[in-house]
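Visitor: Welcome to this short tour. Could you walk me through the structure shown here?

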Amino acid sequence: MRLSTLIRQHLAALRALLALTAITGIVYPLAVFAVAQLPGLHDKADGSLLEENGTVVGSSLIGQSFTDSGGAALVQYFQSRPSAAGDGYDPMSTAASNLGPEDIVDTASRPSLLTTVCTRSKEVGDREGVDGSRPYCTKSGVGAVLSVIGSRDAYGDVPHPVQVVSVNEACPAQPFLADYRGVRVECAKEGEDYSVGRIVPISGDTPANPPVPADAVTASGSGLDPNISPAYAAIQVSRIAKARSISEEQVRAVVDAHTSGRTMDFLGEPRVDVVQLNLDLDRSYPYRG
C-alpha cells in the first residue's frame with residue numbers, strides 16, 4: 001500500500017471520528033436537553049423533584065424511608081414498602097434481594113426470605129393493630145418450616161419420621177407445632193445441620209388473604225418504588241389520625257388525593273405515592289409531637 005493511500009485512509013477515519021464526535025457528543029445531547037426544557041417535560045427531565053419551602057426534599061419517582069435513626073417507624077407518617085437498595089431507597093444501589101420462594105431456612109449469617117417476610121408482617125400487624133399472621137409463618141414471626149428426618153419413600157416423603165425439628169426456631173424456643181406425624185417437634189440447636197431431613201413448610205390455619213398486604217412485607221424490584229397499595233395505606237389511616245390528632249376521614253381525604261388508578265385504566269394496579277402523601281399531611285395537619 002502506497003504512503004499516499006495510507007494517509008488518505010487515516011484522514012478519512014479522522015474526519016469520521018470528528019464528525020461523529022460532534023453529532024453524538026455535542027449536537028445530540030444539546031438537542032435532547034433543549035427538548036427536555038419544553039413545557040410539560042422540564043419537570044420530568046429534571047428528576048420530578050419535590051420542593052418544600054425552597055428546599056428539595058425528594059423526588060416523586062423515588063421512595064423514602066420514614067423511620068428514626070434506629071430504623072423504627074415514625075408514627076406520624078405513612079410507611080413505605082421495604083427496600084433492598086443499599087440501606088433503603090439508595091438510588092446508587094438500586095437492587096432487589098434476588099431471593100426466591102425457596103429461600104425458607106434461616107442460616108447463621110442471615111434470616112431466610114420467608115422469615116424476613118414473617119417478621120415484617122408481625123411488625124406491621126402490631127404497629128397497625130391488625131392481624132399480622134400469614135401462611136407459613138409462626139406466631140413469633142419466623143418461617144414455619146420443619147426438617148423431617150427419617151427414611152424416605154419412592155416419592156421422597158418421610159412417612160415415619162424419627163426426628164422433626166422446627167429449623168427456624170432456635171432453642172430454647174417452644175416450637176410452633178407440638179408434633180408432626182406422631183413425633184414431637186424439637187427446637188433447632190445452634191450449630192446443628194438439619195439439611196439431611198425433608199424440608200417441609202407448614203401453612204397453618206392463617207387466612208389465605210392476610211390483612212397485611214404483600215407490598216408491606218416485600219421490596220420492589222428496583223428498591224426505589226415510591227408507591228404503596230391502597231390496601232396498605234388503608235390499614236395505616238387509624239395510626240396517622242391518632243398521631244396527628246385529626247379524624248380518620250381527614251386522613252382518608254388526603255390519601256384519596258394522592259391515589260392513582262391503573263395506567264390507561266388497564267396497566268398495573270392502583271397506587272398511593274407515599275412521599276407526596278406525607279408532604280401533604282405535614283402541610284395540612286402538622287405533627288405536634
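Guide: Gladly! Two strands pair if DSSP finds at least two bridges between them; helices (H or I, at least four residues) and strands (E, at least two) are DSSP runs, numbered from the N terminus. This is a predicted model, where local features need pLDDT of at least 70, side-chain atom pairs count only at pLDDT 80 or more, and totals for chains, interfaces and linings use all residues. Residues are numbered from 1 along each chain as its sequence is written, and side-chain values use heavy atoms, leaving out hydrogens and water.

Visitor: Which residue in E10 does Ser260 stand opposite?

Guide: Across from Ser260 stands Arg271.

Visitor: Is Asn98, with its positive phi, buried or exposed?

Guide: Asn98 is not a glycine, yet its phi is about 65 degrees. Asn98 sits in the loop between strand E2 (55–59) and helix H3 (113–128). Buried means under 20% relative accessible area, exposed over 50%, partly exposed in between (1.4 Å probe, protein chains only). Because its relative accessibility is 73%, Asn98 counts as exposed.

Visitor: Which peptide bond is cis?

Guide: Most peptide bonds are trans. Here, Pro172 lies in the loop between strand E4 (163–170) and strand E5 (179–180). With omega near 10 degrees, the cis bond runs from Cys171 to Pro172.
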